[in-house]
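Here is a short briefing for a first look at this structure. Take it topic by topic, with the model in view.

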Amino acid sequence: MTSFLCKILFFTAITGSSWCFRNDASPEENPNIPVIAKYFGTKGRYEEVNPYLIRNILAVNRSSLQPPSPQCREIHLTAIIRHGTRYPTTKNVKKMQKLYQLVQSSARGKDCWLHEILTQWTMWYTEDMDGRLVQKGVEDLKHLAVRLSKLFPTIISEEKLRGGLIKFITSSKHRCVNSTLSFKAGLTEMWAITDMEFQHAVNDALMRFFDKCTKFVREVDNNPSALSEMDKFTQGPEMVRVQQKIADRLNVSYHLITYDMVEAAFYLCAYEFAIKTANSPWCRLFDEIDGQVMEYALDLKQFWKRGYGYDINSKSSCILFHDVFSRLDKAVNEHNSGQAVNEAVTVQVGHAETLLPLLTLLGFFKDSETLTSTNYASQRERSFRTSRMLPYAANLVLVLFDCGGRDIRLQPLVNEQPVVFPGLADRQESMPLYEDVRRQYAELLNGCDYETVCELFKPAEP
């Protein structure tokens, strides 16, 4: 058997083939998809959230909207979208390079996937990539634009685009600007528009509010103790076991595999899959249990740094919250007064750090129990799961419908799936009256002053 395996490895080396025995996919799983793909958190593919897109990337299910009346028609849509698939940031590239060097110098395992890493795989990630949009990210936003136009054809239409009724706003970061350009290209290519160009506005006050919020930056973003629960979990028994398993698979000393090394390996698997749709040999360092532990560690980071962990995390999005509702109010008022809605569609492109605080402020994906370093086992069925909430191209879409007789309703969708506003779930309505939604968020609409909660100014000395 050893001789046979050596012949296989020799054949692999001289042919460049990446053929290898697979032991990380069950027969019912797609062998081209890592078994840990659904645990990649914010580094995951959009297709893992909506698997039907693997078969048909332009598939939509308009019947899932289920309006209360057949006469309901959309009058306005706001979409807040995370940028598409990107390269790793410089910080993560450095971690990945360090792991690669360790494996090259010290790994002594005999598995053929490790042989593939050692003899065929090269470290192609460079620091100057620094989070830039990749071609898959361009396609993410193009395809999303087409799907949303199929879901809401009367307002995301060629007529509305040509008429200047679709507005585009983006963060200044290159990956967001390029995602915005890609979304527009999805529409213009679909309708073969070549005689017009459509502008976008850069607005970091809205799309990068987290950078401007003094209190958030001081108390959370620049505060090492803010992530103490994540730090404790990464030093706890579940993560130590993952580290030991990886050390065993590489046949290296336990002390060489730190949490940073585990995270780097996890990201190597995630980026290879997201960018190249490759089930990389790096993925073989993890089994499904390892993936679940890693997902929880990354969820702890997002929970405490952008989610429900601290009140200021969500309150930092007050400025975006008020902007969204002022736009919805304006559309309702224009419609009810018999005017044409001036802004039929608003597309706003930002970051995971843009979307998560707003979803948190609105109360989506909130569990009854706080995520901590000690309750991993009891949180296995948690709602707060960034792999589901925040893949590349994640989105929150809010659609106003006129259902007749000033019956104005608001449909929220997260990643193209209808969701129910927290506090209105008892009515079993995914498309509640807009006035009921405003009543549910009355406290935030009347308060949640961005300058005050972010401490952008100091009160005068007495």
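Is α14 largely enclosed by the rest of the structure or largely exposed? Of its 18 residues, 16 are buried, so α14 is largely enclosed. The model is a predicted one.

**Helix α14**
- T277 follows α14 and has a positive phi, near 55°.

**Nonpolar cores**
- The largest nonpolar core holds 112 residues. Y125, L250 and F286 have the most contacts inside this core.
- F286 touches several residues beyond its neighbours within four places in sequence. These contacts are I36, V242, I246, R249, V262, A265, F266 and M294.
- A second core is separate and has 36 residues. Y46, L148, I155 and V345 are among them.

**Residue D140**
- D140 sits in helix α6, which covers residues 135–151.
- Its relative accessibility is 9%, so D140 counts as buried; the cut-off is under 20%.
- Neighbours within four places aside, D140 is in contact with G84, T85, Y392 and A393.

**The largest pocket**
- The volume of the largest pocket is about 1,000 Å³.
- Its lining has 36 residues. K43, R86, T89, K301 and E353 lie nearest the centre of the pocket.
- Several elements give two or more residues each to this lining, including α4 (90–106), α8 (174–190), α14 and α15 (288–305).
- Which classes of residue make up the lining of the largest pocket? It has 18 charged, ten polar and eight nonpolar residues.

**The largest cavity**
- Rolling a probe the size of a water molecule over the atoms shows where empty space is left.
- One cavity of 30 Å³ or more is present in the structure. The largest cavity has about 50 Å³ of space.
- F321, V324, F325, L358, L362, L396, L398 and F421 line the largest cavity.
- By class, this lining has eight nonpolar residues, with no polar and no charged ones.
- At least two lining residues come from each of α17 (318–336), α18 and β5 (395–402). Helix α17 gives the most, with three residues.

How values were computed
Residues numbered from 1 in each chain as written. Predicted model: local features only at pLDDT ≥ 70, side-chain atom pairs only at ≥ 80, totals over all residues. Heavy atoms only, no water. Core = buried A, V, L, I, M, F, W, Y, C linked by side-chain atoms within 4.5 Å. Buried < 20%, exposed > 50% of the residue type's maximum accessible area, 1.4 Å probe, protein only. Contact = heavy atoms within 4.5 Å. Helix = DSSP H or I, 4+ residues; strand = E, 2+ residues; numbered from the N terminus. 1 Å grid on protein atoms, 1.4 Å probe; cavity = no way out; pocket = protein on both sides within 12 Å on 5 of 7 lines; lining within 4 Å. Points joined across faces, edges and corners; volume = space filled by probe spheres on them. Nonpolar A, V, L, I, M, F, W, Y, C, P; charged D, E, K, R; others polar.
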